[in-house]
Amino acid sequence: MAAEVGFAVVGLGMGKHHCRSIDEGKGSRLAAVCDLDEERLAQMRDKFSCKGYTSFEDLLRDDEVEVINIATPSGTHVEFGLKVVDAGKHIILEKPADINTERIDALAKAGKARGVKIGCIFQSRLEPLNARIYDTIQSGRLGKLIGLHGHLPWYRAQSYFDGPHGEWKGTWSLDGGGSLMNQGVHTVDLLQWFGGGVKSVMGMFDVYNHNIESEDQAVALVRFKNGALGTIYTTTCCFPGYDQRITIYGSKGSILKTATELLAWNIQYEEGEEEAKEMMRIFGPKDESLGISSDPLALGADGHTLIVEDMVQAIREDREPMIGLASARNAVEVINAIFESGRTRAEVVLE
Ligand SMILES: NC(=O)c1ccc[n+]([C@@H]2O[C@H](COP(=O)([O-])OP(=O)(O)OC[C@H]3O[C@@H](n4cnc5c(N)ncnc54)[C@H](O)[C@@H]3O)[C@@H](O)[C@H]2O)c1
């Protein structure tokens with residue numbers, strides 16, 4: 001086995017971040033990049049001194065490449081993925097895994113049959129605070145879950161959709177929606193992951209302040225499998241854009257957070273107060289005097305790099321990657337159910 005696993009990245013928008021993560025990751029080496037956009041291609045090829053392909057078919061024939069990271073428009077992920085499976089290479093798929101669960105299932109089946117590994121990007125799950133919240137819920141210390149709420153009041157100017165590479169954004173066929181599928185999928189994934197799965201949804205969505213086809217504002221009521229209720233709100237209309245906010249209420253406590261900061265950690269048990277102080281010290285709003293050495297967030301636990309390193313280990317140990325397709329498909333299923341509910345004006349029960 002080669003000392004380092006050879007990776008390639010197709011799609012060099014968000015894919016630029018993958019290039020950096022592969023370059024920085026332990027055991028990974030960026031062997032090639034691929035994009036139709038020659039300017040983007042040249043930038044990454046020169047920056048990382050690797051091979052550059054405009055043809056994806058040529059990339060597939062490169063023997064140095066064992067893993068291909070797919071960061072093309074969301075509705076093309078499975079199409080690219082099936083070709084990678086045919087070539088016998090492993091895959092890291094950007095979020096959402098695709099915009100259609102049947103296609104995701106077809107890729108999972110093909111990958112299994114060919115024995116290739118498919119890892120998915122949901123970097124928010126790897127953030128230390130989110131991982132800690134997940135463990136706390138799993139351990140039962142929040143008690144019975146009552147409510148989980150995720151709000152994403154973001155802003156995107158019209159130029160985001162009109163500018164270079166904006167043509168697929170906000171379309172049904174390639175973006176699978178707008179604020180909910182593209183920007184909101186991380187929020188939806190965190191809620192369904194924390195909450196242990198969604199049973200049914202009721203949704204509404206529309207286009208409010210952009211010239212796009214799909215939606216720029218969506219709301220949903222959510223019933224979780226464990227009986228908890230929740231809400232989801234996503235938009236790209238809230239100028240100038242505000243942080244994601246997640247609140248979780250259980251029978252024994254509450255957790256409130258933004259994307260980056262813990263706002264409250266209140267759990268009813270004897271040591272609860274000490275833990276709350278400690279959690280607020282580590283994850284709460286940052287105090288300038290807090291040294292990097294006592295701040296785990298400052299360790300640069302970049303989610304993409306962790307996912308790349310996990311793929312390297314998955315190959316070496318011949319195990320499944322930590323976030324597989326079965327898990328990544330959940331958010332896509334929830335989102336499509338919200339859209340279906342919005343169209344039919346009825347509660348949609350997930351399979
Ligand atoms: N994890 C995250 O937080 C995060 C953030 C942003 C985007 N994304 C995801 O990354 C993906 C790409 O989004 P983006 O904003 O970078 O889009 P983008 O349009 O900026 O980039 C996509 C790239 O794919 C290239 N491409 C398209 N078809 C190709 C082909 N046949 N061969 C080679 N290259 C091809 C395009 O030229 C373009 O450079 C989406 O699925 C998006 O949801 C994830």
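This is a predicted model: local features need pLDDT of at least 70, side-chain atom pairs count only at pLDDT 80 or more; totals for chains, interfaces and linings use all residues.
Local features need pLDDT of at least 70 and side-chain atom pairs count only at pLDDT 80 or more, while totals for chains, interfaces and linings use all residues. Residues are numbered from 1 along each chain as its sequence is written.

The protein chain divides into domain 1 (5-124 + 302-325) and domain 2 (128-298 + 333-344). These bounds come from an automatic or database domain assignment. The centres of the domains, taken over C-alpha atoms, are separated by 26 Å. Domain 1 gives 11 residues to the contact and domain 2 gives 15 residues. Two residues are in contact if their C-beta atoms, placed from the backbone, lie within 7 Å. On the side of domain 1 that touches domain 2, 4 residues are nonpolar, 6 are polar and 1 is charged. Here Ala, Val, Leu, Ile, Met, Phe, Trp, Tyr, Cys and Pro count as nonpolar, Asp, Glu, Lys and Arg as charged, and the others, Gly among them, as polar.

The largest nonpolar core has 86 residues. Such a core is a set of buried Ala, Val, Leu, Ile, Met, Phe, Trp, Tyr and Cys residues joined through C-beta atoms within 7 Å. A residue is buried if 20 or more other C-beta atoms lie within 10 Å of its own, exposed if 12 or fewer, and partly exposed in between; C-beta atoms are placed from the backbone. Phe7, Ala8 and Ile335 have the most contacts inside the core. Helix H13 (residues 325-344) gives the most to this core, with 9 residues. Both domain 1 and domain 2 give residues to the core, so it lies between them. Ile335 touches Gly177, Leu180, Met181, Val185 and Val188, not counting residues up to four places away in sequence.

Helices (H or I, at least four residues) and strands (E, at least two) are DSSP runs, numbered from the N terminus. In helix H2 (residues 38-48), the buried residues are Met44, Arg45 and Phe48. They lie on the same side of H2, because they cover an arc of only 100° around the axis. The arc is that of the directions from the helix axis to the C-beta atoms. Their cover includes helix H1 (15-24), strand S2 (28-34) and strand S3 (51-53). Glu38, Glu39 and Asp46 are exposed on the face turned away from the buried side.

Ser49 follows H2 and lies in the loop between H2 and S3. Its phi is positive, about 45°, although Ser49 is not a glycine. Ser49 counts as exposed, with 8 C-beta neighbours inside 10 Å. Asp318 also has a positive phi, of about 50°, and is not a glycine. This residue lies in the loop between helix H12 (303-317) and H13. Asp318 is exposed, with 8 other C-beta atoms within 10 Å.

Cis peptide bonds were examined next. One joins Lys95 and Pro96, with omega about -20°. Pro96 lies in the loop between strand S5 (90-93) and helix H5 (101-114). Another joins Phe239 and Pro240, with omega about 0°. Pro240 is in the loop between strand S10 (229-235) and strand S11 (245-250).

Ile137 belongs to helix H6 (residues 128-138). Ile137 counts as buried, with 20 C-beta neighbours inside 10 Å. Leu142, Leu145 and Phe194 touch Ile137, not counting residues up to four places away in sequence.
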